[in-house]
Amino acid sequence: MNRVQWTNFFKRKKVIDLAHKIINQIIKSIYLEKLKIHTSHHLTLREIDLLYRWSVYVAVNTFMERLLLSV
C-alpha cells in the first residue's frame with residue numbers, strides 16, 4: 001500500500017508553527033478564564049503555562065498527526 005506522505009503537501013515548519021500557536025492560544029484561554037483554582041493561588045500566565053503546556057502539547061500534536069495522516 002502506497003501511503004502519500006503529508007510532507008508532500010505541507011511544510012513541517014508551518015505545521016509546527018501552527019501547533020505552537022494553537023497551544024499558546026489554549027493556554028492563554030485557560031488563563032483568561034480566571035478559574036477559581038488559579039486565582040486562589042494567584043497563578044500567573046507563566047505558571048499556568050508550566051502546569052498545562054505538556055498535556056496540551058501532547059493533545060494538540062496527537063490531533064495534528066492524526067489529521068495529517070488522514071490526508
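Colleague: Which residues does asparagine 61 touch, not counting residues up to four places away in sequence?
Modeller: Leaving out residues up to four places away in sequence, asparagine 61 touches Ala19 and Ile23, where a contact means heavy atoms within 4.5 Å. This is a predicted model, in which local features need pLDDT of at least 70 and side-chain atom pairs count only at pLDDT 80 or more, while totals for chains, interfaces and linings use all residues. Residues are numbered from 1 along each chain as its sequence is written, and side-chain values use heavy atoms, with hydrogens and water left out.

Colleague: And where does asparagine 61 lie?
Modeller: Asparagine 61 lies in helix 3; helices are DSSP runs of H or I with at least four residues, strands are DSSP runs of E with at least two, and both are numbered from the N terminus. Asparagine 61 counts as partly exposed because its relative accessibility is 27%, given that buried means under 20% relative accessible area, exposed means over 50%, and partly exposed is in between, with a 1.4 Å probe and protein chains only. The C-alpha atoms of asparagine 61 and serine 40 are separated by 31 Å, and these two residues are 21 residues apart along the chain.

Colleague: What does methionine 64 touch, by the same rule about residues up to four places away in sequence?
Modeller: Methionine 64 touches Val15, Leu18, Ala19 and Ile22.

Colleague: Which residues make up the largest nonpolar core?
Modeller: The largest nonpolar core has 9 residues in all, namely Val15, Ala19, Ile23, Ile27, Ile48, Val56, Val60, Met64 and Leu68. A nonpolar core here is a set of buried Ala, Val, Leu, Ile, Met, Phe, Trp, Tyr and Cys residues joined through side-chain atoms within 4.5 Å.

Colleague: Which elements give two or more residues to this core?
Modeller: Those elements are helix 1 (12-32) and helix 3 (45-69), and helix 3 gives the most to this core, with 5 residues.

Colleague: Changing topic, how many helices and strands are there in the protein chain?
Modeller: The protein chain has 3 helices and 0 strands, and from the N terminus on its elements run α-α-α. Its radius of gyration is 16 Å, well over the 11 Å that the globule rule gives for 71 residues, so the protein chain is more spread out than a compact globule. That radius is taken over C-alpha atoms, and the globule rule is 2.2 Å times the number of residues to the power 0.38.

Colleague: What does the C-alpha trace span along its principal axes?
Modeller: The C-alpha trace of the protein chain spans about 55 × 20 × 15 Å along those axes. Of the 71 residues of the protein chain, 17% count as buried. Among the contacts in the protein chain with a separation of 6 or more, 58% come from residues 24 or more positions apart.

Colleague: Last one, is leucine 51 buried or exposed?
Modeller: Leucine 51 is exposed, with a relative accessible area of 54%, and leucine 51 lies in helix 3. The C-alpha atoms of leucine 51 and isoleucine 27, which are 24 residues apart along the chain, are separated by 9.6 Å. Leucine 69 is also found in helix 3, and at 39% relative accessibility leucine 69 counts as partly exposed. The C-alpha atoms of leucine 69 and glutamine 5 are separated by 7.8 Å, although the two residues are 64 residues apart along the chain.
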